[in-house]
Amino acid sequence: MPKIDVDLSSDTVTKPTRAMREFMCDAEVGDEQKLEDPTVNELQEMVAELLGKEAALFLPSGTMCNEIALRVHCRPGDEMLAHRTAHPIHFEGGGPAALAGVNVSALDGPRGQYDVDAAAAAIRPENRYMPRSRLLWVEQTSNLGGGSIWPLARIDAVTGLARTHGLRTHLDGARLMNAVVASGLSAREYAAPFDSAWIDFTKGLGAPVGAAIAGSREFIAEAWRLKQQMGGAMRQAGIIAAGGIFALRHHVKRLAEDHANARRLADGLAVLPGVTLDPSTVETNIVIFEVRGALDANAAVGALLARGVRMGALGPRTVRAVTHLDVSAGQIERTLEAARAVLR
Ligand SMILES: *Cc1c(COP(=O)(O)O)cnc(C)c1O
């Protein structure tokens with residue numbers, strides 16, 4: 001494999017900084033399963049406060065946050081409503097079916113977002129022939145929607161509709177803090193309409209392990225039971241939870257740099273003859289563009305990689321680049337040099 005100079009394949013590739021490692025090294029620890037790890041407890045309090053919920057639970061991954069939420073909210077045979085691009089539909093190994101027995105109703109709409117009419121059309125009537133509509137799902141920001149930010153008005157509309165019909169609501173906030181920094185709205189405001197919400201420490205926040213989900217005390221008690229059952233309960237997990245604490249203290253505001261870098265990358269790509277991209281659609285740290293001409297997405301990604309720049313092919317002509325704390329403004333300039341050579 002060629003040497004990678006700029007890795008834009010995902011914001012999960014970040015390595016913990018020296019300062020984060022030192023903070024983790026010094027973390028006080030205890031037995032997490034017995035609720036005796038002070039660092040895990042502190043992180044959970046921080047996340048409950050951040051998201052405006054009664055309680056929070058530290059988990060090994062965002063995927064486990066989603067799968068546990070599905071199991072708490074739904075019974076087998078129930079149906080969830082999510083955008084067609086939602087993470088659990090594509091990237092959780094069939095977990096909704098395998099772990100929760102949940103039927104998925106996949107909704108359409110531009111840039112990873114559905115509207116209240118699409119949700120209303122998908123909610124089932126009371127009818128024993130049909131699955132029971134049980135859960136409405138929002139992903140903020142939308143990953144395959146190009147890091148798009150769900151506006152609060154749209155969130156209020158779809159969650160309001162859900163409540164009217166007795167559905168629960170869940171926020172996949174893997175990149176919620178990107179939406180917070182880009183919009184100026186608080187995490188609490190975004191999370192308020194949802195029964196459960198979580199953030200990932202391993203995306204733009206740059207910690208090595210973990211995510212935390214928040215909700216009512218009853219929701220978290222049930223989530224704890226499932227965490228135990230699924231083997232997610234840990235021991236001296238404060239070592240890794242400390243990375244999350246450090247990230248919340250020091251790596252939130254700086255997400256604005258990632259957004260500026262993504263915008264600069266988008267502006268530079270959009271003028272290339274081999275690229276279709278409207279840079280005004282880039283709201284956070286994800287840039288999705290189409291390649292045209294001789295190279296398809298795989299060939300373009302291969303040619304960029306040969307020049308030390310890693311991006312990801314999402315489809316036959318679709319490429320994704322993600323900025324993060326291990327990518328500098330200078331590296332964006334080098335990326336554009338490579339792109340100018342490849343995507344003429
Ligand atoms: C990455 C991601 C997840 C899963 O998080 P992990 O911590 O990688 O398991 C869930 N939802 C979205 C939108 C993501 O981008």
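In which strand is the place of Arg134? Let us find out in the first of these close-up views, which come from a predicted model.

**View 1. Arg134 and its surroundings.** The place of Arg134 is in strand β5, which covers residues 132–139. Look for the side chain of Asp78: a polar contact of 3.1 Å joins it to the side chain of Arg134. If we set aside the neighbours within four places in sequence, Arg134 is in contact with His73, Cys74, Asp78 and Glu79, and also with Gly166, Leu167 and Arg168.

View 2. Start with the side chain of Thr63, where an N or O atom is 2.7 Å from an oxygen atom of the ligand. Next, find a nitrogen atom of the ligand that is 2.6 Å from an N or O atom in the side chain of Asp172. How much of the ligand's exposed area does the protein bury? Taken alone, the ligand exposes 380 Å², and the protein buries 88% of that.

**View 3. Helices α2 and α11 where they cross.** The axes of α2 (residues 38–51) and α11 (residues 238–250) come within 8 Å and cross at roughly 35 degrees. The crossing of α2 past α11 is left-handed. On the α2 side, the residues that meet α11 are Thr39, Val40, Glu42, Leu43, Met46, Val47 and Leu50. Their partners in α11 are Gly238, Ala241, Ala242, Gly244, Ile245, Leu248 and Arg249. By class, this contact has nine nonpolar, three polar and two charged residues.

**View 4. Two backbone details to look for.** Most residues other than glycine have a negative phi, and most peptide bonds are trans. Leu35 is not a glycine, yet its phi is positive, at about 65 degrees. You will find Leu35 in the loop between α1 (18–25) and α2. The peptide bond from Gln140 to Thr141 is cis, with omega near -5 degrees. Thr141 has its place in the loop between β5 and α7 (152–164).

Conventions:
Residues numbered from 1 in each chain as written. Predicted model: local features only at pLDDT ≥ 70, side-chain atom pairs only at ≥ 80, totals over all residues. Heavy atoms only, no water. Polar contact = N/O pair within 3.5 Å; in protein donor to acceptor, adjacent residues only side chain to side chain. Areas by Shrake-Rupley, 256 points an atom, 1.4 Å probe, with all protein chains shown as cover. Axes fitted to C-alpha atoms, helices over the stretch in contact; angles between N-to-C directions. Helix = DSSP H or I, 4+ residues; strand = E, 2+ residues; numbered from the N terminus. Left-handed = near helix turned anticlockwise from the far one by under 90°. Contact = heavy atoms within 4.5 Å. Nonpolar A, V, L, I, M, F, W, Y, C, P; charged D, E, K, R; others polar.
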